[in-house]
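Me: I'm new to this one and would like a short walk through it. Can you put it up and take my questions as they come?

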Amino acid sequence: MRRGGWRGMFLLAVLLAAALSLCYRVTEERGLLQTGKELEEELPLCSVETEEQMAAFTFEVTDETGQVLELLDLLSQHGSSASFFVTGEWAGTNQDLAAEIVRLGNDLGFLGEICRDMSLLGRKEAAEELEQGAELLQDLQEQAGTRQSLLFRAPYGEVSDELLHAARNAGFTVVGWNVDSMDWKGYGTDAVVKLVLQKNELKKGSIVRFHAEAEDTPDAVERILQEMETTGWQAVSVSRLAGEQ
């Protein structure tokens, strides 16, 4: 082989090695590098395989109470259920409402003690917070006279290997989403409805993300529920979608 040919092959090998190194480093920095397990086993639950026309509605709750009641009423009117991910701080000051969420057949999940990026916490701090969250949910379930699976959503969807492991060690199923309503951006009701039903092409088994305190959420949810009903779709909780209820 000519010297130019060897030089080309050497250059190609160097570039390939650099690309692999960059990919490894980015993956590690994002907390996605796994050892000893398949990546799919560690990632949050973002959808569920099902042949039924169902999608799970999830609401993140940090400081809202009035719209939570409105959303609960809407869900009841349409024979639907949902999963409410609440902070420990909110649940501590709204225990009766938190228990009511469960009594009405909805999931009550944990969103951290306060809404902050928990992937930045140290291993011990994250583990302690998640263990306290599990105890809180179990107490509220007992108050409501029922028992549910423990669900956790990482605030902002930010996860790391350590946070995922800590959550699972505390008994949680980690829940993400594959359809984001973007309701918190304040684009208006029409935009939220379009994002959920059209742009994101709602699929069987989807998990949809909403925010209970977003201004347009109740009106958008009502319209989405109405449109889903006309085509034989149903909004359910994550545990119902996963076949645990």
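Reply: One term to start with: buried means under 20% relative accessible area, exposed over 50%, and partly exposed in between (1.4 Å probe, protein chains only). This is a predicted model, where local features need pLDDT of at least 70 and side-chain atom pairs count only at pLDDT 80 or more, while totals for chains, interfaces and linings use all residues. Residues are numbered from 1 along each chain as its sequence is written, and side-chain values use heavy atoms, with hydrogens and water left out.

Me: Is arginine 103 buried, partly exposed or exposed?
Reply: Arginine 103 counts as partly exposed because its relative accessibility is 44%.

Me: And what does the side chain of arginine 103 meet in a salt bridge?
Reply: Glutamate 100, at 3.1 Å from N to O. A salt bridge here is a side-chain nitrogen of Lys or Arg within 4 Å of a carboxyl oxygen of Asp or Glu. Helices (H or I, at least four residues) and strands (E, at least two) are DSSP runs, numbered from the N terminus.

Me: Which residues of helix 5 are buried?
Reply: Leu97, Ala98, Ala99, Ile101 and Val102. Their cover includes helix 3 (66–77), strand 2 (83–86) and helix 6 (123–144).

Me: What comes after helix 5?
Reply: Glycine 105, with a positive phi near 90°.

Me: Back to salt bridges. How many are there in the whole structure?
Reply: A search finds eight. In one of them, arginine 153 pairs with glutamate 60, the closest N and O atoms being 3.2 Å apart. That pair links distant parts of the chain, 93 residues apart: arginine 153 is in the loop between strand 4 (150–152) and helix 7 (161–169), and glutamate 60 is in strand 1.

Me: Are arginine 153 and glutamate 60 buried or exposed?
Reply: Both are buried. Glutamate 60 counts as such because its relative accessibility is 3%.

Me: What about arginine 209 and glutamate 60?
Reply: They form a salt bridge too, with the closest N and O atoms 2.8 Å apart. Arginine 209 lies in strand 7 (residues 207–211) and glutamate 60 in strand 1, so this pair ties together parts 149 residues apart in sequence.

Me: New topic. Where is leucine 45?
Reply: Leucine 45 sits in the loop between helix 2 (39–42) and strand 1 (54–61). Its C-alpha atom is 7.7 Å from that of threonine 173, though the two are 128 residues apart along the chain.

Me: Last one: how many helices and strands does the chain have?
Reply: The protein chain has 10 helices and eight strands.

Conventions
Contact means heavy atoms within 4.5 Å.
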